[in-house]
Amino acid sequence: MGKVTAIVKAAARFGPVVYPVVKKGAVMLRENPELASQVQRLLNGLSKARAARSRPEGLRRSVAVLRGQAQRALAGADTPAEAARAEGWLLQADKLDSAIDLMALHDRKGQTADAAAIEARVEELFAQIFTALVKRDDPDQAQLPPA
């Protein structure tokens, strides 16, 4: 149980999208230590990525962590639907990288607004990947358990 508590606390640092999704999946994380370890690695990677010196670099590193998860999902896809979903995540990661590159074209205020929007999108992508991890681990599960 201690590991799941640590995962939920780590997720709390990421924002209003990530925390509720991880909290809802806590029951499944308690029941599956392998899934909990995988989620812990993902959250640790995102934490390290966000520790970059600049916000754009932190966003780039966060996208790279999510891209790695999407590539693992693509490599382990059992059905065409899973492969298509993972390819969609990779496409979203590419778009986020492009958006990060375009931030430099704006003034400081514009860059701040862009960074906030990109950060929100990174959190949404994390939530999608996390939800898929939980669903993949329990094929009978139609959705995450209630909060």
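Mentor: Start with E57 and R61, which sit 4 residues apart in helix α5, so about one helical turn separates them. Helices here are DSSP runs of H or I, at least four residues long, and strands are runs of E, at least two, numbered from the N terminus. The model is predicted, so local features need pLDDT of at least 70 and side-chain atom pairs count only at pLDDT 80 or more, while totals for chains, interfaces and linings use all residues. Residues are numbered from 1 along each chain as its sequence is written, and side-chain values use heavy atoms, with hydrogens and water left out.

Trainee: What do E57 and R61 form, and how far apart are the closest N and O atoms?

Mentor: They form a salt bridge, with the closest N and O atoms 3.4 Å apart. The term means a side-chain nitrogen of Lys or Arg within 4 Å of a carboxyl oxygen of Asp or Glu.

Trainee: How many salt bridges does the structure hold?

Mentor: There are 6. One of them joins R55 and E119, with 3.4 Å between the closest N and O atoms. R55 is in helix α5 and E119 in helix α7, so this pair ties together parts 64 residues apart in sequence.

Trainee: And which residue meets R67 in a salt bridge?

Mentor: D94, at 2.8 Å from N to O. D94 belongs to helix α6 and R67 to helix α5, so the pair ties together parts 27 residues apart in sequence. R67 is buried at 17% relative accessible area, whereas D94 is partly exposed at 40%. A network of salt bridges links R67, D94 and D97.

Trainee: What is R60 in contact with, leaving aside neighbours within four places?

Mentor: D97, I100 and D101, where contact means heavy atoms within 4.5 Å.

Trainee: New topic. How many residues are in the largest nonpolar core?

Mentor: It has 36, and those with the most contacts inside it include L66, F126 and F130. Such a core is a set of buried Ala, Val, Leu, Ile, Met, Phe, Trp, Tyr and Cys residues joined through side-chain atoms within 4.5 Å. Helix α7 gives the largest share, 11 residues.

Trainee: How are F126 and F130 arranged as an aromatic pair?

Mentor: They are stacked, 6.1 Å centre to centre with 15° between the planes. Rings of Phe, Tyr and Trp (its six-membered ring) pair if their centres lie within 6.5 Å; planes under 30 degrees apart count as stacked, over 60 as edge-to-face and the rest as tilted. F126 is buried at 1% relative accessibility, and F130 is buried at 0%.

Technical notes:
Buried < 20%, exposed > 50% of the residue type's maximum accessible area, 1.4 Å probe, protein only.
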